[in-house]
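Have the model open as you read.

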Amino acid sequence: MNVLVINAGSSSLKYQLFDMDTKGVLAKGLCERIGIDGRLTHTNPKKEDKYKADVPMKDHADAIRAVIDILIDKEWGVIESMSEIDAVGHRVVHGGEYFADSVLIDDSVIEAIDACIPLAPLHNTPNLIGIDACKNVMGENVPQVAVFDTAFHQTMPPVDYIYSIPYEFYQKYKIRRYGFHGTSHKYVAQQASEMLGIPLEHLRIITCHLGNGSSVTAIKGGKSIDTSMGFTPLAGLPMGTRSGDIDPAIISFLCEHENKSAEEMLEVMNKKSGVLGVSGVSSDFRDLDNAINEGNDRAKLAKDIFINSVKKLIGAYIAEMGGVDAVVFTAGVGENDRSVRWDVCEHMEYLGIKVDPEKNKYRGRQMDISVDYARVRVLVIPTNEELVIAEDTKRLVEKAEEE
(Lines give C-alpha, C1' and ligand atoms only; values in the text may rest on other atoms or scores of the structure.)
Protein backbone atom coordinates (compact mmCIF):
# COMPACT_ATOMS: atom_id res chain seq x y z
CA MET A 1 0.00 0.00 0.00
CA ASN A 2 1.24 3.48 -0.93
CA VAL A 3 0.12 6.24 1.45
CA LEU A 4 0.48 9.94 0.71
CA VAL A 5 0.89 11.98 3.90
CA ILE A 6 -0.22 15.62 3.72
CA ASN A 7 0.47 18.43 6.20
CA ALA A 8 -1.33 21.51 4.87
CA GLY A 9 -0.58 24.99 6.18
CA SER A 10 -2.14 28.32 5.25
CA SER A 11 0.25 28.89 2.33
CA SER A 12 2.28 25.68 2.30
CA LEU A 13 1.85 21.94 1.94
CA LYS A 14 4.35 19.28 3.03
CA TYR A 15 4.07 15.77 1.64
CA GLN A 16 5.64 12.31 1.89
CA LEU A 17 4.79 9.19 -0.07
CA PHE A 18 5.29 5.95 1.88
CA ASP A 19 5.53 2.37 0.70
CA MET A 20 3.85 0.74 3.68
CA ASP A 21 5.17 -2.73 2.81
CA THR A 22 8.67 -1.49 3.69
CA LYS A 23 7.69 1.68 5.61
CA GLY A 24 10.14 3.46 3.37
CA VAL A 25 9.80 7.01 2.04
CA LEU A 26 9.47 6.92 -1.74
CA ALA A 27 9.50 10.71 -2.08
CA LYS A 28 8.87 13.88 -0.10
CA GLY A 29 8.65 17.58 -0.66
CA LEU A 30 7.20 20.98 0.05
CA CYS A 31 4.86 23.33 -1.79
CA GLU A 32 5.36 26.95 -0.71
CA ARG A 33 3.83 30.35 -1.46
CA ILE A 34 0.43 28.85 -2.31
CA GLY A 35 -1.92 31.63 -3.36
CA ILE A 36 1.02 33.92 -4.17
CA ASP A 37 3.02 32.35 -6.97
CA GLY A 38 4.10 28.83 -6.00
CA ARG A 39 7.34 27.00 -5.31
CA LEU A 40 7.90 23.22 -5.31
CA THR A 41 10.84 21.44 -3.70
CA HIS A 42 10.86 17.67 -4.27
CA THR A 43 13.20 14.93 -3.07
CA ASN A 44 13.57 11.50 -4.64
CA PRO A 45 15.86 9.51 -2.30
CA LYS A 46 17.40 7.77 -5.31
CA LYS A 47 18.76 11.06 -6.64
CA GLU A 48 21.52 13.21 -5.18
CA ASP A 49 19.95 16.58 -6.05
CA LYS A 50 16.58 18.08 -5.16
CA TYR A 51 14.06 19.22 -7.73
CA LYS A 52 13.20 22.90 -7.28
CA ALA A 53 10.87 24.85 -9.52
CA ASP A 54 8.43 27.73 -9.59
CA VAL A 55 5.01 26.19 -10.18
CA PRO A 56 1.84 28.33 -10.31
CA MET A 57 -0.34 27.48 -7.29
CA LYS A 58 -3.36 29.72 -6.91
CA ASP A 59 -4.80 27.36 -4.26
CA HIS A 60 -4.21 24.04 -2.47
CA ALA A 61 -5.86 22.08 -5.29
CA ASP A 62 -3.14 23.38 -7.60
CA ALA A 63 -0.55 22.33 -5.01
CA ILE A 64 -1.97 18.79 -4.86
CA ARG A 65 -1.91 18.62 -8.66
CA ALA A 66 1.72 19.74 -8.60
CA VAL A 67 2.55 17.02 -6.06
CA ILE A 68 0.90 14.30 -8.16
CA ASP A 69 2.55 15.59 -11.34
CA ILE A 70 6.03 15.37 -9.80
CA LEU A 71 5.32 11.96 -8.24
CA ILE A 72 4.49 10.53 -11.69
CA ASP A 73 7.14 12.54 -13.56
CA LYS A 74 9.30 10.32 -15.79
CA GLU A 75 12.58 11.76 -14.46
CA TRP A 76 11.81 12.71 -10.85
CA GLY A 77 8.75 10.57 -10.09
CA VAL A 78 8.45 7.32 -8.19
CA ILE A 79 5.10 5.94 -9.39
CA GLU A 80 3.54 5.40 -12.80
CA SER A 81 0.16 7.01 -12.18
CA MET A 82 -2.07 8.58 -9.53
CA SER A 83 -3.89 5.25 -9.19
CA GLU A 84 -0.87 3.91 -7.29
CA ILE A 85 -1.71 6.20 -4.37
CA ASP A 86 -3.95 3.96 -2.27
CA ALA A 87 -4.82 6.39 0.54
CA VAL A 88 -4.08 9.84 1.94
CA GLY A 89 -3.32 10.64 5.58
CA HIS A 90 -3.74 14.21 6.83
CA ARG A 91 -2.23 15.84 9.87
CA VAL A 92 -5.05 17.76 11.57
CA VAL A 93 -4.05 19.93 14.51
CA HIS A 94 -7.23 20.07 16.58
CA GLY A 95 -9.88 17.40 17.09
CA GLY A 96 -11.30 18.86 20.30
CA GLU A 97 -13.12 16.30 22.40
CA TYR A 98 -14.54 14.64 19.28
CA PHE A 99 -11.62 12.33 18.52
CA ALA A 100 -9.44 10.12 20.71
CA ASP A 101 -8.01 8.29 17.69
CA SER A 102 -7.41 8.81 13.99
CA VAL A 103 -10.49 8.38 11.76
CA LEU A 104 -11.51 7.78 8.17
CA ILE A 105 -12.76 11.09 6.82
CA ASP A 106 -16.43 11.44 5.95
CA ASP A 107 -18.89 14.32 6.08
CA SER A 108 -19.40 14.01 9.85
CA VAL A 109 -15.63 14.15 10.46
CA ILE A 110 -15.32 17.24 8.29
CA GLU A 111 -18.14 18.87 10.28
CA ALA A 112 -16.35 18.09 13.56
CA ILE A 113 -13.02 19.47 12.28
CA ASP A 114 -14.88 22.57 11.14
CA ALA A 115 -16.47 22.90 14.59
CA CYS A 116 -12.95 22.99 16.10
CA ILE A 117 -11.84 25.93 13.94
CA PRO A 118 -12.44 28.43 16.81
CA LEU A 119 -9.96 26.37 18.88
CA ALA A 120 -7.26 26.38 16.17
CA PRO A 121 -8.17 28.90 13.46
CA LEU A 122 -4.66 29.10 11.99
CA HIS A 123 -4.37 25.33 11.59
CA ASN A 124 -7.73 23.60 11.14
CA THR A 125 -8.80 25.83 8.25
CA PRO A 126 -5.83 24.92 6.02
CA ASN A 127 -6.13 21.30 7.16
CA LEU A 128 -9.70 21.25 5.81
CA ILE A 129 -8.56 22.97 2.62
CA GLY A 130 -5.99 20.21 2.11
CA ILE A 131 -8.62 17.50 2.61
CA ASP A 132 -10.98 19.17 0.16
CA ALA A 133 -8.21 19.67 -2.38
CA CYS A 134 -7.27 15.97 -2.28
CA LYS A 135 -10.91 14.97 -2.78
CA ASN A 136 -11.28 17.33 -5.73
CA VAL A 137 -8.09 16.23 -7.44
CA MET A 138 -7.98 12.51 -6.56
CA GLY A 139 -11.69 11.77 -6.41
CA GLU A 140 -14.08 10.35 -3.83
CA ASN A 141 -12.79 6.77 -4.08
CA VAL A 142 -9.36 7.39 -2.57
CA PRO A 143 -9.80 6.99 1.21
CA GLN A 144 -8.56 9.82 3.40
CA VAL A 145 -7.69 9.66 7.10
CA ALA A 146 -7.40 12.46 9.68
CA VAL A 147 -4.68 12.08 12.33
CA PHE A 148 -5.08 14.59 15.15
CA ASP A 149 -2.35 16.28 17.23
CA THR A 150 -4.77 16.36 20.15
CA ALA A 151 -6.10 12.77 20.02
CA PHE A 152 -3.31 11.12 22.04
CA HIS A 153 -3.98 13.44 24.99
CA GLN A 154 -7.69 12.60 25.23
CA THR A 155 -6.76 10.01 27.89
CA MET A 156 -5.89 12.77 30.38
CA PRO A 157 -8.12 12.69 33.49
CA PRO A 158 -10.27 15.76 34.33
CA VAL A 159 -7.93 16.70 37.18
CA ASP A 160 -5.28 17.38 34.53
CA TYR A 161 -7.35 19.05 31.83
CA ILE A 162 -9.90 21.18 33.67
CA TYR A 163 -8.82 24.77 34.35
CA SER A 164 -9.63 26.50 37.63
CA ILE A 165 -12.04 28.97 36.08
CA PRO A 166 -15.86 28.88 36.30
CA TYR A 167 -16.89 25.41 35.14
CA GLU A 168 -19.56 26.90 32.88
CA PHE A 169 -16.82 28.07 30.49
CA TYR A 170 -15.83 24.45 29.95
CA GLN A 171 -19.46 23.48 29.46
CA LYS A 172 -20.21 26.34 27.06
CA TYR A 173 -16.97 26.71 25.13
CA LYS A 174 -14.97 23.51 25.89
CA ILE A 175 -12.17 25.57 27.41
CA ARG A 176 -9.77 22.96 28.78
CA ARG A 177 -6.25 21.61 28.36
CA TYR A 178 -6.00 19.74 25.05
CA GLY A 179 -2.28 19.28 24.50
CA PHE A 180 -0.51 19.02 21.16
CA HIS A 181 2.39 17.19 19.48
CA GLY A 182 0.42 14.04 20.32
CA THR A 183 1.58 12.14 17.24
CA SER A 184 5.23 12.75 18.16
CA HIS A 185 4.77 11.85 21.84
CA LYS A 186 2.94 8.65 20.85
CA TYR A 187 5.64 7.62 18.38
CA VAL A 188 8.66 8.13 20.64
CA ALA A 189 6.93 6.39 23.56
CA GLN A 190 6.35 3.33 21.35
CA GLN A 191 9.97 3.44 20.21
CA ALA A 192 11.15 3.72 23.82
CA SER A 193 9.19 0.59 24.69
CA GLU A 194 10.90 -1.29 21.85
CA MET A 195 14.35 -0.02 22.84
CA LEU A 196 13.86 -1.05 26.46
CA GLY A 197 12.21 -4.37 25.63
CA ILE A 198 9.39 -3.61 28.07
CA PRO A 199 5.69 -3.48 27.13
CA LEU A 200 4.40 0.10 26.97
CA GLU A 201 1.64 -0.66 29.46
CA HIS A 202 4.32 -1.37 32.10
CA LEU A 203 6.26 1.86 31.63
CA ARG A 204 6.23 5.39 33.03
CA ILE A 205 7.77 7.68 30.40
CA ILE A 206 8.34 11.43 30.17
CA THR A 207 8.65 12.54 26.56
CA CYS A 208 10.28 15.91 25.82
CA HIS A 209 9.43 17.21 22.35
CA LEU A 210 11.83 20.16 22.22
CA GLY A 211 12.02 22.39 19.16
CA ASN A 212 10.76 25.76 18.03
CA GLY A 213 7.50 24.52 19.52
CA SER A 214 8.04 22.45 22.67
CA SER A 215 5.98 20.28 24.99
CA VAL A 216 6.54 17.66 27.67
CA THR A 217 4.16 14.75 28.31
CA ALA A 218 3.74 12.24 31.13
CA ILE A 219 2.86 8.82 29.70
CA LYS A 220 1.80 6.08 32.09
CA GLY A 221 0.88 2.65 30.81
CA GLY A 222 0.98 3.94 27.25
CA LYS A 223 -1.51 6.73 27.91
CA SER A 224 -0.99 10.47 28.16
CA ILE A 225 -1.96 11.56 31.66
CA ASP A 226 -0.59 15.11 31.59
CA THR A 227 1.05 17.46 29.11
CA SER A 228 2.44 20.97 29.14
CA MET A 229 0.59 22.61 26.24
CA GLY A 230 -2.95 23.67 27.05
CA PHE A 231 -6.03 25.15 25.42
CA THR A 232 -3.65 26.31 22.70
CA PRO A 233 0.00 25.55 21.81
CA LEU A 234 0.96 28.82 23.53
CA ALA A 235 0.93 27.24 27.00
CA GLY A 236 3.66 25.38 28.85
CA LEU A 237 7.35 25.82 28.12
CA PRO A 238 8.91 29.01 26.76
CA MET A 239 9.58 28.18 23.11
CA GLY A 240 11.21 29.71 20.07
CA THR A 241 8.82 32.66 19.89
CA ARG A 242 6.03 31.64 22.31
CA SER A 243 5.98 32.81 25.90
CA GLY A 244 4.72 29.61 27.49
CA ASP A 245 3.03 29.89 30.88
CA ILE A 246 2.80 33.42 32.26
CA ASP A 247 0.62 35.23 34.79
CA PRO A 248 -2.58 35.94 32.77
CA ALA A 249 -2.84 39.40 34.36
CA ILE A 250 0.23 40.40 32.34
CA ILE A 251 -1.95 40.54 29.23
CA SER A 252 -4.38 43.14 30.60
CA PHE A 253 -1.52 45.10 32.21
CA LEU A 254 0.35 45.39 28.91
CA CYS A 255 -2.82 46.09 26.96
CA GLU A 256 -3.34 49.13 29.17
CA HIS A 257 0.25 50.34 29.38
CA GLU A 258 1.28 49.59 25.78
CA ASN A 259 -2.07 50.65 24.34
CA LYS A 260 -2.54 47.29 22.60
CA SER A 261 -5.59 45.10 22.09
CA ALA A 262 -5.79 41.59 23.52
CA GLU A 263 -5.36 40.25 20.00
CA GLU A 264 -2.21 42.32 19.51
CA MET A 265 -0.80 41.08 22.82
CA LEU A 266 -1.49 37.47 21.84
CA GLU A 267 0.48 38.15 18.68
CA VAL A 268 3.37 39.31 20.88
CA MET A 269 3.08 36.24 23.11
CA ASN A 270 2.98 33.89 20.11
CA LYS A 271 5.53 35.44 17.76
CA LYS A 272 7.83 37.80 19.68
CA SER A 273 8.34 36.08 23.03
CA GLY A 274 10.03 32.89 24.21
CA VAL A 275 13.79 32.62 23.76
CA LEU A 276 13.59 35.24 20.99
CA GLY A 277 11.93 37.75 23.30
CA VAL A 278 14.33 37.20 26.20
CA SER A 279 17.53 36.97 24.16
CA GLY A 280 16.75 39.59 21.54
CA VAL A 281 18.89 37.41 19.27
CA SER A 282 16.91 34.59 17.66
CA SER A 283 14.35 31.84 18.11
CA ASP A 284 16.93 29.33 16.84
CA PHE A 285 18.94 27.60 19.55
CA ARG A 286 21.98 27.39 17.25
CA ASP A 287 22.02 31.18 17.06
CA LEU A 288 21.65 31.34 20.85
CA ASP A 289 24.69 29.09 21.28
CA ASN A 290 26.75 31.29 18.97
CA ALA A 291 25.70 34.37 20.94
CA ILE A 292 26.46 32.65 24.25
CA ASN A 293 29.95 31.78 23.00
CA GLU A 294 30.42 35.47 22.23
CA GLY A 295 29.49 36.38 25.81
CA ASN A 296 25.84 37.41 25.30
CA ASP A 297 24.28 37.21 28.77
CA ARG A 298 20.68 37.55 27.57
CA ALA A 299 21.11 34.64 25.17
CA LYS A 300 22.40 32.55 28.06
CA LEU A 301 19.49 33.67 30.24
CA ALA A 302 16.98 32.71 27.54
CA LYS A 303 18.44 29.22 27.20
CA ASP A 304 18.69 28.77 30.97
CA ILE A 305 15.03 29.73 31.41
CA PHE A 306 14.06 27.13 28.80
CA ILE A 307 16.20 24.41 30.40
CA ASN A 308 14.91 25.20 33.89
CA SER A 309 11.31 24.98 32.66
CA VAL A 310 11.89 21.53 31.16
CA LYS A 311 13.61 20.37 34.34
CA LYS A 312 10.69 21.54 36.51
CA LEU A 313 8.15 19.72 34.35
CA ILE A 314 10.13 16.48 34.51
CA GLY A 315 10.20 16.74 38.30
CA ALA A 316 6.47 17.45 38.46
CA TYR A 317 5.59 14.53 36.22
CA ILE A 318 7.81 12.14 38.18
CA ALA A 319 5.86 13.14 41.28
CA GLU A 320 2.53 12.79 39.47
CA MET A 321 3.32 9.30 38.12
CA GLY A 322 5.02 8.08 41.30
CA GLY A 323 8.32 7.57 39.49
CA VAL A 324 9.69 7.27 35.97
CA ASP A 325 11.38 4.57 33.92
CA ALA A 326 12.60 6.64 30.98
CA VAL A 327 13.01 10.25 29.87
CA VAL A 328 12.93 10.74 26.10
CA PHE A 329 14.33 13.69 24.13
CA THR A 330 13.04 14.30 20.62
CA ALA A 331 12.44 16.98 17.91
CA GLY A 332 15.02 19.46 16.59
CA VAL A 333 16.48 20.67 19.89
CA GLY A 334 15.96 17.43 21.82
CA GLU A 335 17.62 15.32 19.14
CA ASN A 336 20.54 17.63 18.34
CA ASP A 337 21.34 20.02 21.20
CA ARG A 338 23.66 18.08 23.50
CA SER A 339 23.98 20.93 26.01
CA VAL A 340 20.20 21.10 26.52
CA ARG A 341 20.00 17.36 27.25
CA TRP A 342 22.95 17.55 29.63
CA ASP A 343 21.76 20.65 31.50
CA VAL A 344 18.16 19.40 31.82
CA CYS A 345 19.36 16.15 33.41
CA GLU A 346 22.12 17.67 35.54
CA HIS A 347 21.71 17.28 39.33
CA MET A 348 18.96 14.65 38.88
CA GLU A 349 21.12 11.74 40.07
CA TYR A 350 19.01 11.46 43.22
CA LEU A 351 16.04 10.63 40.95
CA GLY A 352 18.01 7.92 39.15
CA ILE A 353 18.74 10.13 36.10
CA LYS A 354 22.38 10.38 34.99
CA VAL A 355 23.63 11.13 31.46
CA ASP A 356 26.89 9.66 30.16
CA PRO A 357 28.91 12.57 28.68
CA GLU A 358 30.52 10.34 26.03
CA LYS A 359 27.21 8.93 24.80
CA ASN A 360 25.69 12.42 24.84
CA LYS A 361 28.21 13.65 22.26
CA TYR A 362 26.15 12.17 19.44
CA ARG A 363 23.37 14.03 17.65
CA GLY A 364 20.29 13.00 15.70
CA ARG A 365 20.50 9.27 16.30
CA GLN A 366 18.37 6.89 18.34
CA MET A 367 20.29 5.82 21.43
CA ASP A 368 20.40 5.45 25.20
CA ILE A 369 22.62 8.23 26.58
CA SER A 370 22.35 7.35 30.27
CA VAL A 371 25.19 5.82 32.27
CA ASP A 372 25.02 2.03 32.46
CA TYR A 373 24.10 1.94 36.14
CA ALA A 374 21.33 4.58 36.01
CA ARG A 375 17.94 3.47 37.28
CA VAL A 376 16.15 5.72 34.78
CA ARG A 377 17.04 5.45 31.09
CA VAL A 378 17.58 8.70 29.16
CA LEU A 379 16.84 8.14 25.47
CA VAL A 380 17.26 10.20 22.32
CA ILE A 381 14.69 9.18 19.70
CA PRO A 382 14.28 11.10 16.42
CA THR A 383 10.57 11.67 15.92
CA ASN A 384 8.72 10.51 12.83
CA GLU A 385 5.22 11.93 12.91
CA GLU A 386 4.70 11.30 9.20
CA LEU A 387 5.27 7.56 9.66
CA VAL A 388 2.67 7.48 12.44
CA ILE A 389 0.18 9.21 10.13
CA ALA A 390 0.94 6.69 7.38
CA GLU A 391 0.60 3.72 9.76
CA ASP A 392 -2.72 4.97 11.14
CA THR A 393 -3.97 5.52 7.60
CA LYS A 394 -3.03 1.98 6.58
CA ARG A 395 -4.61 0.52 9.73
CA LEU A 396 -7.94 2.28 9.27
CA VAL A 397 -8.18 1.67 5.52
CA GLU A 398 -7.47 -2.05 5.93
CA LYS A 399 -9.96 -2.26 8.79
CA ALA A 400 -12.64 -0.65 6.64
CA GLU A 401 -11.94 -3.07 3.82
CA GLU A 402 -12.39 -6.03 6.17
CA GLU A 403 -15.76 -4.82 7.44
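The second largest pocket has 13 lining residues, and Asp284, Phe285, Arg286, Gly332 and Asp337 are the ones nearest its centre. Its volume comes to about 320 Å³. Two elements, α10 (285-293) and α12 (331-336), each give two or more residues to that lining. By class, the lining splits into two nonpolar, five polar and six charged residues. Here Ala, Val, Leu, Ile, Met, Phe, Trp, Tyr, Cys and Pro count as nonpolar, Asp, Glu, Lys and Arg as charged, and the others, Gly among them, as polar. A pocket is an open set of points on a 1 Å grid over the protein atoms alone, where a 1.4 Å probe fits, with protein on both sides within 12 Å along at least five of seven lines; lining residues have an atom within 4 Å of a point. The volume is the space filled by probe spheres set on the points, which are joined across faces, edges and corners.

A word on the source: this is a predicted model, where local features need pLDDT of at least 70 and side-chain atom pairs pLDDT 80 or more, while totals for chains, interfaces and linings use all residues. Residues are numbered from 1 along each chain as its sequence is written, and side-chain values use heavy atoms, without hydrogens and water.

Now the sheets. Strands (E, at least two residues) and helices (H or I, at least four) are DSSP runs numbered from the N terminus, and two strands pair if DSSP finds at least two bridges between them.

| Open sheet | Strand order | Pairing |
|---|---|---|
| Eight strands | β5-β4-β3-β2-β1-β6-β8-β7 | mixed |
| Six strands | β11-β10-β9-β12-β14-β13 | mixed |

Strands β1 (residues 2-8) and β2 (residues 13-19) run antiparallel, joined by seven bridges, and Val3 sits opposite Phe18 of β2. Helix α3 (residues 121-138) packs on this sheet, touching β1, β6 (87-92) and β8 (144-148); contact means heavy atoms within 4.5 Å.

Four bridges link β10 (residues 215-220) to β11 in antiparallel fashion, with Thr217 partnered by Thr227 of β11. Helix α6 (residues 182-196) packs on this sheet, touching β9 (204-209), β10, β12 (326-330), β13 and β14 (377-380).

Terms used
Axes fitted to C-alpha atoms, helices over the stretch in contact; angles between N-to-C directions.
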